[in-house]
Amino acid sequence: MEPHLNQIANPAIEIRKLPPSIIRELALILDYADSWKRLMAIIPKKLSSNGYKSDISPTNLPKYNSEHFKIIELGGIQYKRSCSEILFDEWGTSGRPRASLGHLKYLLAKAQLFRAADYLAKLLGEDPPVRPANGPAAVIPTSLSEIQPHLDTSTAEVEKQLDELNYPQIAIQKIRKKSIEVKHLVPVIPEIVVSEVKSKPDPLEPPLVVPRAKPQFPPAPEVSDMIKFSLDSVSDDSSELSAVVPDLSALLSHDQSEAPAAETENGNSEFIPVFSKLLLDPDKTQSSATEDDLNTSDEPYETDLIPALSILNKSSVKEDSELIPDFNMLMSSNESSKSSSSNPSSAKCSSPLPNLSLNTLLPHFTYAQLEVATENFSSAKESGRFLGAGAFGSVFLATGLLDKPVAVKKIFLENVEMVSEGDQVTKQFKNEVEVLYKYKHDNLVSLLGYSCDGCTYCLIYEYVPGGSLFDALQKHPGTLLWKQRVKIALGTARAVAYLHTAFSTPLIHRDIKSANILLDGDNNAKLCDFGIVKLLPGQLTAVETSPCGTSAYMSPEYHRGDISIKLDTFSFGVVLLELLTSLAPLDYNRQGADLVISRRARLLDLQVFSAQQVTYVEDQCEQSIAPILDKSIGTWEENEINFAEELYLVTLRCLEDKKKRPVMADVVTTLETIQEKLI
């Protein structure tokens, strides 16, 4: 049952919580003349949390661009939905704070979409928004009393004269007399005449058609009519032309051995070859047809103009026929060159993948296109194409697919001859292409396309040129200053919190680690590798029988198959320790190889560490991170605030037991407070 009007008469109610009837009514209004585009164009990236006035400014850019407009239009066509409804679904479930009725009403009035704005004002029990006095959006008067003040003097005078005009009396009498006559008309009943119908043939009865016997045509003449017509049409004085006209009926004779030599009317057969000799049995021709065979006919003709077809078809050419090309060889080489150039992978593999029907707006790229763009997935160091490899695939740099370089992830397939649609790798691939492409955030690596017609599945991602956070910390120590690390921590936390809260079903990454955090040119964090994400159906906790991820970042409950959004919180706490200390999460050369593992995990003896083993952080730090803090990148202090200790407190909360561990949305709030102290 939909809420009553009084229950939703609150401008603070979120758009995503509106009843379907209200969404449909707004969609009907905004779909007219694509009015939704005017609304979409002025939606800012961040809405105001203090009031509903939200405008685009240099510091608050538009939320949507031209590509988003095209995506919504394509979605409306593909799913046969209202574009306005798709916009409300996307806008109402993305960003913080959520879009509300108040925000919508303000933006509708600003876009001069007053019909929709008036509908919301009526819904909220408010006065309609003020319209401009002039222009298309001005109020249109509908009664004479409203129109009268706007009439000029001459028009008003004409209206007054029409009101005072007295029609002639004779005209009024004629009108009345006519109306009385019409009123007193006596109805006339038509006379019905009954007559006897005589038996006459129906004029519409179709005539009797008697089929005639088919004519018996004489047997076909020896020379067809067409040939006769051709011969008759040649005049007697055109002897030169008739010299080159063959007798086709003679040439097409069934008995080739008895076919007479073609002769024209003047008996000249100079240019007419004996085609029966050319059309010999192919097997016989290949074995014994020579130029001498063609000379065995009794009819006189010249053989200089008759090519030896058998010689042309031979694969080997004699020295005296070096000008005759081997056409068979040319055709085969041409076809093979075309095949190799148009489909580089055809000679390497036949696709073991099933034919998939995917429900996505992402573009599909052929495997051949990817081979060209990655130089055949070159792993040579000098090519610069190979970017790295993980547990699920290798990543290559591709150019020429889009207007910018992209990263192609080539999924690993075990040595299988055929992949079925029910295999786990296919299910995971479909999950990425159909579900995960909808997740768009500044701190997430965007999925841009896919391929499923070649040797394996491929995914095309946004290319982030700065490398991973792990490489920056371990291979290039000292390059990231402490303030940049605070920004990276906040960006990563926002990406994880977005995965957990963007849609009604939480999305768990399950492999948060520094190697999966990429850095762009400005050291902004970009979370990547959604190869093992897990969608939980309408809940925040589930049980998974086959845990996966990186052991140094795993929470204790993960080894029991207990999967929840707090799993990512624990992994993020390990990343915070890496940012604070620049230490690797796992190093067997130090006492306490793992950077951190909770006491609860050791007590459970989960075959990861013995109960007596103490992790490195617990061994070195009691109440402060100072003993292992990386001080080579700065003092971590500003405005008499020790930011290292502030981050360490957040880290300890993330590494708590599951019940005490915060969700990532709370972690983001804490980190934003810390970031504000730096400004």
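User: Let's start with Y32: where does Y32 lie?

Analyst: Y32 sits in the loop between α1 (20–31) and α2. Helices (H or I, at least four residues) and strands (E, at least two) are DSSP runs, numbered from the N terminus. Before we go on, this is a predicted model, in which local features need pLDDT of at least 70, side-chain atom pairs count only at pLDDT 80 or more, and totals for chains, interfaces and linings use all residues. Residues are numbered from 1 along each chain as its sequence is written, and side-chain values use heavy atoms, with hydrogens and water left out.

User: Thanks! Is Y32 buried or exposed?

Analyst: Y32 is exposed, at a relative accessible area of 63%. For the cut-offs, buried means under 20% relative accessible area, exposed over 50%, and partly exposed in between (1.4 Å probe, protein chains only).

User: And how far apart are Y32 and S84 in space?

Analyst: Their C-alpha atoms are 10.0 Å apart, while in sequence Y32 and S84 are 52 residues apart.

User: What about S35, buried or exposed?

Analyst: S35 is also placed in the loop between α1 and α2, but S35 is buried, with a relative accessible area of 10%.

User: Which residues is S35 in contact with?

Analyst: Setting aside neighbours within four places in sequence, S35 is in contact with I29, L30 and L113. Contact here means heavy atoms within 4.5 Å.

User: Nice. Changing topic: how many salt bridges does the structure hold?

Analyst: The structure holds 20 salt bridges. The criterion is a side-chain nitrogen of Lys or Arg within 4 Å of a carboxyl oxygen of Asp or Glu.

User: Which residue does K37 form a salt bridge with?

Analyst: K37 pairs with E73, and the closest N and O atoms are 2.5 Å apart. K37 is in helix α2 (residues 36–41) and E73 in helix α3 (residues 66–79), so this pair ties together parts that are 36 residues apart in sequence. K37 counts as partly exposed at 26% relative accessibility, and E73 counts as partly exposed at 29%.

User: What about R494 and E672?

Analyst: The side chains of R494 and E672 meet in a salt bridge at 3.2 Å, N to O. R494 lies in helix α20 and E672 in helix α25 (residues 664–676), so the pair ties together parts that are 178 residues apart in sequence. R494 is partly exposed, at 35% relative accessible area, and E672 is partly exposed as well, at 29%.

User: Which residues are joined into one network?

Analyst: Salt bridges that share partners join D34, K37 and E73 into one network.

User: And D511 with K513, are they buried or exposed?

Analyst: Both D511 and K513 are buried, and their side chains meet in a salt bridge at 3.7 Å, N to O.

User: Back to α20: how many residues does helix α20 have?

Analyst: Helix α20 (residues 482–501) has 20 residues and reaches 29 Å from its first C-alpha to its last, close to the 28 Å expected at 1.5 Å a residue. That expected span is 1.5 Å times one less than the number of residues. The helix is mostly covered, with 15 of its 20 residues buried.

User: Let's do helix packing. At what angle do α21 and α24 cross?

Analyst: The axes of helix α21 (residues 566–581) and helix α24 (residues 643–654) cross at roughly 155 degrees and come within 8 Å. Axes are lines fitted to C-alpha atoms, for helices over the stretch in contact, and angles run from 0 to 180 degrees between N-to-C directions. The two helices α21 and α24 are therefore roughly antiparallel to each other, a label for angles over 145 degrees, with under 35 as roughly parallel, 65 to 115 as roughly perpendicular and the rest as oblique.

User: Which residues in α21 and α24 meet?

Analyst: From α21, those that meet α24 include F570, F572, L576 and L580. On the α24 side, L647, Y648 and V650 are among them.
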